[in-house]
Amino acid sequence: MARNWWDDDNQIAAMLDEALREERAVPRDFVEAGKTAFIWRSIDAELAALVYDSHHAPVTTRTDTAAIRALTFATAHLTIELEIAQDSLIGQLVPPGVAEVELQTRVDNPVTVTTDELGCFTIRHRPTGAFRLRCRNSTADVLTSWITL
Amino acid sequence: MRDDPTVVAMVTKARGGDRDAWNQIVERYAPLVWRICRAHRLSRLDTDDVGQTVWLSLIEHLRDIRDPAALPGWIAATTRNECLRSIRVAQQRVHAELPLEFELATDGGFDELEAEQDREERYIALRDAFAQLGERCRELLAMQFQEASPPYREIGVRLGMKVGAIGPTRLRCLEKLRQCPALARLIEAERKAAEGK
C-alpha cells in the first residue's frame, strides 16, 4: 500500500516545495490590488442581489436574442430594473419614487443622477469594467452587487 | 477542512472591518485565484480584472457568509465563473457568433474540481505551517528547494551546522511542520477519510 503523503518525508517536502512555489508565482501587485479592494466595503447600505440577467436566461424565454441586456437587482423592499444600452444605463426603481442613483466603478469618479417620480433614470455612461449602483432616498439605501458587462 | 478556526477568525474580523484580517484572506487565497486564471489561460489584464471582481464580490459576501470554512470553495467557484465570463467576452470581441463551447471544454468534471480543491487546501495548510516554523527550519528546508540544492557541506557552512546534523535536523523540521496546528488538523481529517474508505 502506498504511504500517505503526510507520512513520507520526501513526499511532504516535495509538496511543501510546490506550495511555496505556487505562492511565489503570484505577482505582488496582483495581491496588493486585492488588498486595496477593501475600501469598497460598505456597512450601511442594504445589498441588492442580481436576481435576473437576460444573458443567462434560457434561450426559450428570451424575447429576442439580440435584445438589449436586462438585469434585475432586488432586496426585500426595492427592485432595480436595469437595461444596458449602447452607451447608457436605463433603469427604474420599484416601488417608484424619487431617489439618487449613483454609478460606482473602481476607476472613475461616481456619477449621480436623480430619478423622476416614476423611479426612472438614465445614466449616460456605459462602464467597461466592474460597476455597481447605489440607490438612496429618505427611507432606503441600497447597493447592488458588482457586475461586469 | 470544515471548521478551520483560522478561517473562521479571519472572516469574522474582516466582516467587522479589520483590514489586517482582510489582507490575510487575500494573501492566503490569491494563489488559488491566480492559478485558476492561469488554468483558463487568461491574459494578465483579464486576470487582474477577474481578481478584482472576485475580491469585490467577496467583500460583500463576507456579510452573509454562514460557514466561513466554505470560503475556499466559494472563491474557487466565483473565480471559475468569472474566468468563463471573461473568455465569453473575449470571444464576442473576436467573433460575434462563436458558439459557447468553451464552457464545456474547460470545465472539468465534479471530481476534478474536488481534487483541485483538496490540493489547494493542502497547499494552504502547508504554507501556514511553514510560516509558523522557526527561522532555522525555514532556511534549511528552503535551501533544499532551490533549483540546484547545495550540497550538505555548503548548507552546513551557511547555517553553521555540522554536516552530520543536517539530515536529522531536516527530519525534525518536517516533523514540526506536521505538528503545526494548521497542517495537523488537515492530516487528521485526511487520515480519518482514508480509514473510512
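The model is predicted; local features require pLDDT of at least 70, side-chain atom pairs count only at pLDDT 80 or more, and totals for chains, interfaces and linings use all residues. Residues are numbered from 1 along each chain as its sequence is written, chains are lettered from A in the order in which they are written, and side-chain values use heavy atoms, with hydrogens and water left out.

Over all chains, the structure holds one disulfide (a pair of cysteine sulfur atoms within 2.5 Å). The bond joins C137(B) and C173(B), with the sulfur atoms 2.1 Å apart. The pair links distant parts of the chain, 36 residues apart: C137(B) lies in helix α7 (residues 135–145) of chain B and C173(B) in helix α9 (residues 163–179) of chain B. Helices are DSSP runs of H or I, at least four residues, numbered from the N terminus. The torsion about the S-S bond of C137(B) and C173(B) is about -80°, so the disulfide is left-handed. Both C137(B) and C173(B) are buried (buried, under 20% relative accessible area; exposed, over 50%; partly exposed, in between; 1.4 Å probe, protein chains only).

In chain A, the sulfur of C120(A) has its closest cysteine sulfur in C135(A), at 13 Å, too far for a bond. C120(A) is partly exposed, with a relative accessible area of 28%, whereas C135(A) is buried at 2% relative accessibility.

D111(B), in helix α6 (residues 110–132) of chain B, is exposed at 62% relative accessibility. Together with E112(B), E114(B) and D118(B), D111(B) forms a negative surface patch. Asp and Glu count as negative, with the charge placed at CG of Asp or CD of Glu.

Notes:
Helices (H or I, at least four residues) and strands (E, at least two) are DSSP runs, numbered from the N terminus. Patches are made of residues with over 30% relative accessible area and no salt bridge: like charges are joined within 9 Å, nonpolar side chains (Val, Leu, Ile, Met, Phe, Trp, Tyr) within 5 Å. Accessible areas come from the Shrake-Rupley method with a 1.4 Å probe; for residues, only the protein chains shown count as cover. A salt bridge is a side-chain nitrogen of Lys or Arg within 4 Å of a carboxyl oxygen of Asp or Glu.
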